[in-house]
Amino acid sequence: VIAYIVRRLLYVVPILILVNLFTFWLFFSVNTPDDMARLQLGVRRVSQEAVDKWKAEHGYDKPMLYNERVQGLQRLTDTIFFEKSVRLFVFDFGNADDGRSIRNAILTRMWPSLAVQLPVFVVGLAVYISFALLMAFFRATYIDFWGVILCVAMMSISSLFYIIIGQYLLSKVWNLVPISGYSSGPDSLKFLVLPVVIGALSGVGSGSRWYRTIFLEEMGKDYVRTARAKGLSETTVMFRHVLRNGMIPILTGAVVVIPTLFMGALILESFFGIPGLGSYTIDAIQAQDFSIVRSMVFLGAVLYIAGLLMTDISYTLVDPRVRLE
Amino acid sequence: LPAMRGALVPAILIACGLAGCGRVWNDPYPAEDRGKNIYYSFFVERPRHFDPAQSYTSDEYDIIQQIYEPPFQYHYLKRPYQLDSATATEVPRPRYYDERGRELSDGADAARIAYSEYDIRIRRGIMYQPHPALARDGKGEALYLSLPESEIRSKYTLSDFPKTGTRELVADDYVYEIKRLAHPQLVSPIYGHMTDYIVGLKELGDRLKRDNDALVAEYQKRYGTSDPGRPWIDLRAYDLAGVKVLDRYTYRVRIKGKYPQFLYWLAMPFFAPIPWEADRFYSQRGMNDGRNLTLDSYPVGTGPYMLSQYDPNFRMTLDANPNFHDESYPAEGAPGDAEEGLLADAGKRVPFSERIVFTREKESIPLWNKFLQGYYDTAGIASDNFDQAVRVGVSGETALTPEMQQRGIRLVTAVESTTYYLAFNFNDPVVGAGKGDERSRVRARKLRQALSIAIDWEEFISIFQNGRGVAGMGPLPPGIFGYREDGGGYNPVVYDQVGGRPLRKPVAAAKKLLAEAGYPDGRDEKTGRPLVLYLDTTDRGPDSAAQLSWYRRQFAKIDVQLEIRATDWNRFQEKVRLGNTQMFFLGWHADYPDPENFMFLLYGPNGTQDGENKARYANPEFDRLFERMRNMESGPQRQTIIDQMVKIAREDAPWTWGFHPKTYALAHVWVRPGKPNVIARNTLKYARVDPVLRERKRDEWNRPVVWPLGLILAALLLASAPAYLSYRRRERMAARPAGVPA
């Protein structure tokens, strides 16, 4: 198992280099260092001298990928790409283009993101599984029929709609929770209720339909027929056998997203004024802050890979037939 | 059942979480702040810089201008805008000198003036806000200016430093900040501009750069890093030829030539005082290492407020500075101010609010609803909410809707010192300066005039601005010296005067000009080809479709085809900078209330890549008049020259004059009436609220409505009942129904 994990970790390095290279290419194909400087300095009274000074100060005065002016290995290392990327591999994110620490931002902003995303994940999972089980239990009845229609309807509605309707009803008309904002500690509950409900609700359609398919597939298998033939009640069949065996594909989808919960939700955080990493990423894209964008993409890639690794390991825990080799 | 359980979770969470929230459940502020004398505001964009040498946006100024005090400020009530002293004892008059250093009279010809000098005397006894950089022990030794790195590593915010201190504001602090404009570790947006004026600033910048390079190299060698760090440069040791300290409370600034607008710059945070101790404190190694303990995040000032909570992602809190000097609400104002109750607080000590809370609101919907719930004291009106807030009458008059009136909300309007214009690139042979000969110049001018008539900005304001704007008559917006409200204010090239009011000329007049320009019926008279013009814009996507279609219709009115070249902001900016456009839409907001700040946008020598004359307009007569006007005191003589300049610009039509936007702001009944100020942003010290009334209104407007929760719960139970019954029936059903043989 350890050898497997080490091998997987070694695969990570080239993947991350490619991710970085792709981010770099994508970002600089629409922005130039001059654009970044002008955006940071403002659009008024900005001279080329000030732009050059900003670029030198922030390390954007070098060639992008290959430096012809120097010799040897420096041709690759004395470039924007190398200087900005290599530190990421030791999780040194450096400063944003406005001079503020990215590490500080990540450490402070990941908690609000997690405060929303973790309950959304847990509550969501519970609701999707429950609803999917219900539909599977009453398969081919009107409950299943209307349940699937409801799921398709909910899938077709934009998450923005849920946010706006939720804020309108719960916060504006019924005055039950603040419309937006955030607070740490126990006070945070009143700010989190609405985004969590909306976050979970907006995924009910797709989540429940997916899990329903998994459960129906399990229910058609021989061992379920055997269980029924033994005279087990339908409840026991569903919860003891179908649910447990259905957990394997559910784990695939669920465990992989656990580490990425830190990264937050882009729209939800903006509308609810939650100072998380999703909102941070959106701000950085709008502000053309390459330092933040590359850090967040890198972090997202690392967390996603970590999630995949965790999924593989969790397979062995829930299914003894699976071995890591 | 599991589904019911899932649905119950949020309901239970709501009930439990809100049980302790009191009468109002949706209050986004801490319970202990209820009823306090706090002013609630918001910010949309995350501020980038709080360092006064770097900050240059209105969002940032809304916060730092409450903290920093430049020597001068704008009078809160008087109009036209007038400079007043802030920390200075008075607004000084400049002294002028020729090349040989001989003093000249006030009325001396600007061409003879080689230098101007301003002696600025600040008031005694002004103290800084409490700050750890100024903390000293019993022997007078600074406590936190030479900290070991290990100790700094244990600090994360300013409150981690247990002691704070203060000291008196001295002239040295202002001089220190002026030197910081040239600091190589900072990129001050006005450094380039100021090197043209402040004597010796460029030389200081060059010297600092050399020394900084050496310091950085030493730093990198010492710590074995490629990070340049921020090694401290003690600016006190550097001489700036044009800025001298005369005594503890007086300093002198010497600038090149005559530049009366320099005083306006001295009312901006760029020229606020910075104590050297703060610079030293923040430059210690480790302060910015993942902590953001920098002057760019934690300002140090003498103003009415000090930053007590710094969270640019969520909330900024300003608390009243306990060391703030004596300053009172103005005792005199403009005519009519007394009648409007604006002098009711005359002579009372400011600031009025004990705290200002700025909360970040990125989206307009939550912002608007929180304002309606009473959680923001004032708000603007987004286009989406305009109809809910304001009704426009048939003759264009605006009034609040009954819903707003019922809540006691007030509408405050002001025309901004901003101009939005559609510019013609003068390097373009069709719409610009022509092909070099007089005939083509005249043709191009007539084409521009024709388009100026055809593009109906009144209609644009009505459709896309909800009527919030004033059509431009020239480069100057209302409120700026030189703008004429009277009959001379209308642009005779575009408007006729009918019944004392300007009326846009008919399309026929535009078509006539177009024909004279060589394009009868929109076709080139020689080739017969249709005239196609190109507009560069950043408006893209479905939201902009209506606006772009409107532009096309305006050109089509005179049979001119318009091609729109939509691009992103970066490419747009680059194209405008390099002059690779034919027409484009831009705007300018006043730095200071002086006509020079708008006329320079059309001054020929500024038509360079880095200059602000983006249209690259050049008219020798206009330039000559500008050079005279910019150095003059505002008065009848200056007005005459401005009139001549405006006349030339209208004739040449380098821009279609676009519009000046009008701000519509709403204020709740508990906010004391204030005077809108589109230039100064340090006016929160005059803002006053009635917290008791606010509390009462919030309670009244935000009573929780609980019954829908019960209804939802009941509906869920009801919907689940058939499933439950079906489940029971199925569980009780025999595997083989009775009567069926085995």
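## A lysine at the chain boundary

A:K53 counts as partly exposed because its relative accessibility is 22%; here buried means under 20% relative accessible area, exposed means over 50%, and partly exposed is in between, all with a 1.4 Å probe and protein chains only. Keep in mind that this is a predicted model: local features need pLDDT of at least 70, side-chain atom pairs count only at pLDDT 80 or more, and totals for chains, interfaces and linings use all residues. Residues are numbered from 1 along each chain as its sequence is written, chains are lettered from A and ligands numbered from 1 in the order in which they are written, and side-chain values use heavy atoms, with hydrogens and water left out.

You will find A:K53 in helix α3 (residues 48–57) of chain A; helices (H or I, at least four residues) and strands (E, at least two) are DSSP runs, numbered from the N terminus. Not counting residues up to four places away in sequence, A:K53 touches B:A182, B:H183, B:P184, B:L186 and B:V187, where contact means heavy atoms within 4.5 Å. With B:L186 there is a polar approach too: a polar atom of the A:K53 side chain lies 3.3 Å from the backbone oxygen of B:L186. Within chain A, A:K53 and A:A37 are 16 residues apart in sequence, and their C-alpha atoms are 9.1 Å apart in space.

## The two chains

Chain A has 325 residues, of which 54% count as buried. Its secondary structure comes to 15 helices and zero strands, and its C-alpha trace spans about 80 × 55 × 35 Å along the principal axes. Chain A exposes about 14800 Å², with carbon and sulfur atoms supplying 69% of it; accessible areas come from the Shrake-Rupley method with a 1.4 Å probe, and for residues only the protein chains shown count as cover.

Chain B, with 742 residues, is 55% buried by residue. Its elements are 21 helices and 23 strands, and the C-alpha trace of chain B spans about 115 × 85 × 65 Å along its principal axes. Among the contacts in chain B with a separation of 6 or more, 73% join residues 24 or more positions apart; the corresponding share in chain A is 68%.

## Where the chains meet

The size of an interface is often given as the accessible area lost when the parts come together. Between chain A and chain B, about 6700 Å² is buried, and carbon and sulfur atoms give 51% of that; buried area is the accessible area (1.4 Å probe) that two parts lose on being put together, summed over both. In chain A, A:R44, A:R45 and A:R100 lose the most area to chain B, together 15% of what that side buries. The contact takes 71 residues from chain A and 86 residues from chain B.

Four salt bridges link chain A and chain B, a salt bridge being a side-chain nitrogen of Lys or Arg within 4 Å of a carboxyl oxygen of Asp or Glu. B:K362 forms a salt bridge with A:D283, with the closest N and O atoms 2.9 Å apart.

## A buried lysine in chain B

Now look at B:K370, in helix α9 (residues 364–372) of chain B. B:K370 counts as buried because its relative accessibility is 2%. Leaving aside neighbours within four places in sequence, B:K370 is in contact with A:I179, A:S180 and A:G181 from chain A, and with B:P28, B:E361, B:Y375 and B:Y376 from chain B.

Terms used: Polar contact = N/O pair within 3.5 Å; in protein donor to acceptor, adjacent residues only side chain to side chain.
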